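Work through the two exercises below with the structure open beside you, and try each task before you read its solution.

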Protein chains: 6
Amino acid sequence: MRPHDQLREVSIEVGYLASNPASVLYKSGSTIVLCTASLETNVPPWLVGKGKGWVTAEYNMLPGSTSPRKKRERGGKVDGRTTEIQRLIGRSLRSVVDLEALGENSIVVDCDVLQADGGTRTASITGGFIALAIATQQAVPGSTIGNGPLKDSVAATSVGLIGEECKLDLDYELDFAADVDMNVVMTGSGRFVEIQGTGEEATFDDQQLAELLRLAKIGIAELTAQQIAALK
Amino acid sequence: MRPHDQLREVSIEVGYLASNPASVLYKSGSTIVLCTASLETNVPPWLVGKGKGWVTAEYNMLPGSTSPRKKRERGGKVDGRTTEIQRLIGRSLRSVVDLEALGENSIVVDCDVLQADGGTRTASITGGFIALAIATQQAVPGSTIGNGPLKDSVAATSVGLIGEECKLDLDYELDFAADVDMNVVMTGSGRFVEIQGTGEEATFDDQQLAELLRLAKIGIAELTAQQIAALK
Amino acid sequence: MRPHDQLREVSIEVGYLASNPASVLYKSGSTIVLCTASLETNVPPWLVGKGKGWVTAEYNMLPGSTSPRKKRERGGKVDGRTTEIQRLIGRSLRSVVDLEALGENSIVVDCDVLQADGGTRTASITGGFIALAIATQQAVPGSTIGNGPLKDSVAATSVGLIGEECKLDLDYELDFAADVDMNVVMTGSGRFVEIQGTGEEATFDDQQLAELLRLAKIGIAELTAQQIAALK
Amino acid sequence: MRPHDQLREVSIEVGYLASNPASVLYKSGSTIVLCTASLETNVPPWLVGKGKGWVTAEYNMLPGSTSPRKKRERGGKVDGRTTEIQRLIGRSLRSVVDLEALGENSIVVDCDVLQADGGTRTASITGGFIALAIATQQAVPGSTIGNGPLKDSVAATSVGLIGEECKLDLDYELDFAADVDMNVVMTGSGRFVEIQGTGEEATFDDQQLAELLRLAKIGIAELTAQQIAALK
Amino acid sequence: MRPHDQLREVSIEVGYLASNPASVLYKSGSTIVLCTASLETNVPPWLVGKGKGWVTAEYNMLPGSTSPRKKRERGGKVDGRTTEIQRLIGRSLRSVVDLEALGENSIVVDCDVLQADGGTRTASITGGFIALAIATQQAVPGSTIGNGPLKDSVAATSVGLIGEECKLDLDYELDFAADVDMNVVMTGSGRFVEIQGTGEEATFDDQQLAELLRLAKIGIAELTAQQIAALK
Amino acid sequence: MRPHDQLREVSIEVGYLASNPASVLYKSGSTIVLCTASLETNVPPWLVGKGKGWVTAEYNMLPGSTSPRKKRERGGKVDGRTTEIQRLIGRSLRSVVDLEALGENSIVVDCDVLQADGGTRTASITGGFIALAIATQQAVPGSTIGNGPLKDSVAATSVGLIGEECKLDLDYELDFAADVDMNVVMTGSGRFVEIQGTGEEATFDDQQLAELLRLAKIGIAELTAQQIAALK
């Protein structure tokens with residue numbers, strides 16, 4: 001059994017699609033997300049002429065990513081969970097982008113989940129950042145993290161409370177068992193971007209909160225290292 | 001100017017609609033939310049025959065609640081922000097409900113914002129709990145908080161980081177100025193239900209997190225007292 | 001019991017929302033409608049450059065306005081009854097507006113029913129006119145009814161045939177019992193704007209029509225007086 | 001020019017579609033409506049087991065029925081005008097049906113406008129009644145008007161005020177010129193079913209109302225005679 | 001019984017709607033389609049300024065065209081079969097149009113099925129071409145087939161395999177019995193535009209394919225002759 | 001340059017997703033499709049109790065599969081091309097399934113295009129068959145092709161006419177250049193399932209048709225061999 005403060009194994013394949021260097025096949029244990037960033041040389045209507053760019057994200061689970069099969073979100077409304085997740089991914093990625101430095105360019109980061117085993121939203125942020133970084137270098141050649149549109153890196157993981165025990169990086173089985181689960185998004189330099197802690201039919205106290213955040217920091221430091229390595 | 005650790009003035013009118021005792025006109029400063037709880041003696045399809053009930057919430061801003069006028073969400077899709085908010089309200093309310101003790105009953109809590117001046121989602125949780133408590137007493141006569149379907153009370157407030165200063169209970173102007181804002185949902189007994197801290201284009205550190213949570217606890221203790229008074 | 005030729009009690013609270021003087025909480029017996037008029041300094045695409053303005057209305061019942069709870073009209077189509085009612089409100093209000101005198105401005109009148117006990121569409125017209133009048137004075141300062149964009153006032157009531165008896169101002173119970181019901185919209189100067197008489201599974205003759213119209217005129221004269229008083 | 005109290009020429013072809021005897025090609029001047037009534041041996045969910053039937057109508061204008069071409073109402077929402085018209089047709093037809101005598105059967109009357117030259121809703125009612133009558137005889141063999149599910153016949157026409165002159169049966173050109181227009185639905189025995197008088201940007205007085213109704217009665221008497229002849 | 005290589009009787013009424021010469025009532029046996037072509041002096045956004053026109057088609061079955069009644073495609077999504085058919089009609093018609101010669105004009109061909117007895121898509125192409133030809137002559141006066149925007153004529157029929165026998169022009173009953181059915185679209189000069197052969201739960205071999213195509217050519221030659229006659 | 005009668009290189013990875021053996025990553029040149037078959041032990045409503053199963057397919061292109069990015073089909077209607085393609089895939093797969101032998105089971109084959117370079121629909125059929133075959137063996141253990149629910153194998157390719165030359169297996173560039181393109185679906189035993197030949201703004205004659213079909217047979221024989229090998 002994986003220790004309570006250890007991440008699942010991560011695998012990152014940059015340039016997975018021959019047609020787009022900013023395509024990343026990101027695996028965290030059995031969770032597989034294909035993240036592709038598309039650069040467009042225009043901006044949404046509300047930003048035209050303001051001298052700044054935009055970054056947005058879309059999240060989707062393929063029908064075969066779960067068992068039983070997940071019904072396709074089509075021909076109707078996008079469900080609440082999906083909307084919430086893709087708003088989170090977009091906000092997280094934007095938190096490390098200097099939109100003025102990006103110029104009037106847009107980057108859409110698509111996160112399509114090929115196989116889901118828990119943690120798909122945090123995998124989307126962590127893998128999506130890599131795709132974003134590549135697309136940003138296309139938009140502003142010669143830029144690096146900390147020098148150009150990217151002010152920092154960003155990564156995410158989940159932590160949870162199962163009975164009285166805190167655990168890092170919940171897979172589906174752990175997530176199902178968790179009384180409280182929390183998604184934490186942090187920059188490479190160790191500052192918080194988002195904390196979303198939720199106790200569906202449960203609650204938590206200050207001490208548990210502290211332990212959950214401690215584990216999250218351990219995980220995110222490791223993910224940051226892997227992102228930097230993949231971008232080399 | 002309101003001190004940084006003081007809530008806006010709260011006003012609670014229980015039984016605002018003659019036709020429904022579980023209707024609450026909740027005001028927090030200039031924010032006005034009409035919360036009505038409707039009891040139905042059935043449950044959603046996936047709960048039929050399981051001997052437990054359900055609590056859900058819907059959130060809506062009236063077009064005249066903002067200036068300029070907010071377009072009505074109709075004849076199409078519900079926007080992402082609305083979906084996210086009503087999911088938060090529903091989860092928060094359910095965290096203090098013993099669904100088995102509710103029996104096969106459903107309660108829908110409608111939170112319609114008549115006037116919006118920041119903090120509409122936290123007002124919806126705090127006011128919505130009062131409407132929920134009354135409807136719960138209709139479902140299970142003689143029950144009280146802690147004795148029957150309601151395990152505890154629940155309330156919410158927002159806190160934020162403006163420049164380097166932490167503030168309690170953001171109105172629209174403060175919210176607009178905030179670099180980081182955080183919604184905190186807690187039970188009457190002081191345990192966390194939800195923490196949603198978000199730095200759109202900004203980040204925060206451990207010390208700021210601690211101060212934000214300290215302010216939130218002050219506010220929620222005060223709101224809990226007002227809820228109890230209103231339900232008397 | 002209310003005499004057959006007498007209106008329910010009317011209460012009108014102008015400036016109900018602090019953020020918008022053109023907001024009116026209109027009560028007719030237990031029916032409560034919040035009418036807010038929003039002025040926009042532009043016109044719909046088909047009127048651009050024609051030197052005239054536009055007035056339109058939206059009507060909505062809040063879920064808690066009825067018992068059992070009314071399902072929200074969202075994420076799909078607006079139902080036929082709603083569409084029909086808001087078209088009626090819009091036409092009625094426009095009948096007293098000189099759109100050229102309004103200039104290239106639009107006014108949207110939102111009629112949100114907080115509590116429904118029959119007569120919500122006629123309450124929306126009568127209350128909506130008050131909100132419209134205030135917004136018109138914002139658009140054309142110094143204008144009055146009869147001098148500026150507002151050519152006249154407009155108000156509405158319902159009348160019905162219950163068995164062989166004609167009744168003024170149907171509340172829910174009377175409306176349910178009525179064989180024929182008729183909505184009548186008239187100007188302050190006593191001219192007809194709309195007559196919509198409907199016999200669902202029933203019919204009526206000339207004499208009954210005459211008596212229904214006589215009652216409607218009594219009611220509308222009284223409503224006109226109350227509108228004028230509220231606008232003082 | 002057609003006298004002010006004379007209908008356009010009417011032509012009625014019963015059994016227009018070989019596959020359905022209850023199909024009627026109804027022409028009023030250049031207005032052409034194909035009315036088909038479909039009998040179904042079941043009822044909508046809310047009527048199951050109540051021992052009564054249902055009659056409903058759908059109205060549609062074909063794209064080629066107007067010039068310029070009318071956009072098809074598809075893949076989205078049905079517009080307000082269409083909804084309002086088909087509700088009027090349905091109510092009008094039901095006013096002469098004894099739903100108990102119909103048994104647990106449903107009749108849908110489809111009114112598809114092949115060519116539109118004003119008066120399509122009244123043509124739909126007048127022609128739709130003929131299709132309904134045939135379908136009713138299929139449902140209850142041997143029944144006749146006045147003896148069985150059909151209590152009476154029903155027909156409709158429009159009247160209008162153009163300047164100071166009242167006119168019967170408005171074609172598109174007259175309708176466009178009219179300050180006030182009124183649709184009147186009456187039974188064969190001369191009782192009112194619906195009166196919908198509307199003054200878009202205009203109003204009318206008692207005397208004008210009386211003259212409009214007088215003309216409508218002349219027209220409807222003539223239409224009733226033609227319906228009876230067609231059903232022979 | 002109709003011989004296996006003979007079409008159903010065809011009837012073509014050009015100018016069926018007085019308001020539009022490019023309206024054709026096309027009958028093939030009991031199948032009746034109203035085809036109307038509407039000329040618009042503009043083009044879709046993606047063609048603006050390219051010096052060429054556009055031709056598109058819409059297909060629809062009226063509810064009364066089948067028994068039992070066909071539900072109207074409204075207030076939601078257009079079903080797959082409809083989409084597929086109208087794309088086929090559009091492509092087929094465009095195959096004989098020189099879009100440059102049409103200039104910056106659009107022609108929409110509406111094919112509304114009044115009665116359906118098999119072969120509605122091929123009837124729509126054959127009848128739709130006649131309406132298109134008339135509208136083309138409105139757009140480019142003096143043009144003829146082969147001289148102007150119309151490079152050729154186009155017509156369509158279906159063929160099928162029933163057991164071991166090949167049949168031309170399937171009506172509903174034959175279509176229902178067919179193991180393989182094939183729609184063939186050809187120009188007046190005898191070249192293929194589309195071949196769509198489908199074996200739902202069945203397959204076919206080379207020899208059967210050859211015989212199906214032979215029958216289709218016989219039918220299309222006859223239809224072409226009738227089109228030319230109708231356009232005289 | 002690839003010879004005119006040679007397929008692109010094919011690569012087939014069976015069991016690509018650890019969670020589902022019936023998942024196939026199918027590559028044809030640069031086109032990549034993930035085909036997953038999900039077995040459900042029920043049938044659609046219209047088949048309940050009929051003792052037979054159902055096979056259906058869904059097709060989707062991921063946004064990153066094309067450059068520029070393809071807008072996601074969400075929150076609205078599925079476009080015509082998608083609908084048409086997934087209907088084709090479903091029909092093609094069903095042509096080789098004995099639905100009675102499948103029992104009351106359903107199989108949904110999802111074809112998600114990760115990278116699109118022409119021929120995505122034929123790749124979906126060829127790869128989808130492999131996924132279907134595995135799921136069928138899950139439903140009916142011990143069954144093989146020709147012995148159990150699968151009567152035969154099925155595969156597909158495209159052929160086209162570019163100027164006067166016929167080509168097998170069109171990639172995006174060839175497809176773009178083609179005057180006529182044809183999708184051919186055949187069984188492993190060499191019978192036709194579907195022929196869809198289309199000349200958008202072009203036509204073809206008998207001789208060209210013969211050559212196109214000849215090439216298609218060469219390609220399909222090769223694909224059939226690869227399918228069999230992959231299923232070993």
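Two residues are in contact here when they have heavy atoms within 4.5 Å of each other. The model is a predicted one.

**Exercise 1.** Work out how chain A and chain B are related, and through which surface the copies meet.

*Solution.* Begin with the superposition: a rotation of 180 degrees, with 0.0 Å of shift along its axis, places chain A on chain B with an RMSD of 0.0 Å. That is the relation of a two-fold axis, and in chain A the C-alpha nearest this axis belongs to Gln196(A), at 2.3 Å. Next, consider the contact, to which chain A gives 29 residues and chain B gives 30 residues. Since 100% of the interface residues of chain A are also interface residues in chain B, the copies meet through the same surface.

**Exercise 2.** Describe the area buried between chain A and chain B, and then the salt bridges and the strand pairing across the interface.

*Solution.* The buried area is about 2900 Å², and carbon and sulfur atoms give 46% of it. Glu84(A), Arg191(A) and Phe192(A) supply 19% of the area that chain A buries against chain B, which is more than any other three residues. Turning to charged groups, there are six salt bridges across the interface, including one between Asp206(A) and Lys217(B), whose closest N and O atoms are 2.6 Å apart. The side of chain A that touches chain B divides into seven nonpolar, ten polar and twelve charged residues. Finally, β9(A) pairs with β9 of chain B in the antiparallel sense over five bridges, and within this pairing Ile195(A) stands opposite Gly197(B).

Key: Residues numbered from 1 in each chain as written. Chains lettered and ligands numbered in written order. Predicted model: local features only at pLDDT ≥ 70, side-chain atom pairs only at ≥ 80, totals over all residues. Heavy atoms only, no water. Least-squares fit on C-alpha atoms with pLDDT ≥ 70 in both. Buried area = accessible area lost by both parts, 1.4 Å probe. Salt bridge = Lys/Arg side-chain N within 4 Å of Asp/Glu carboxyl O. Nonpolar A, V, L, I, M, F, W, Y, C, P; charged D, E, K, R; others polar. Pairing = 2+ DSSP bridges. Helix = DSSP H or I, 4+ residues; strand = E, 2+ residues; numbered from the N terminus.
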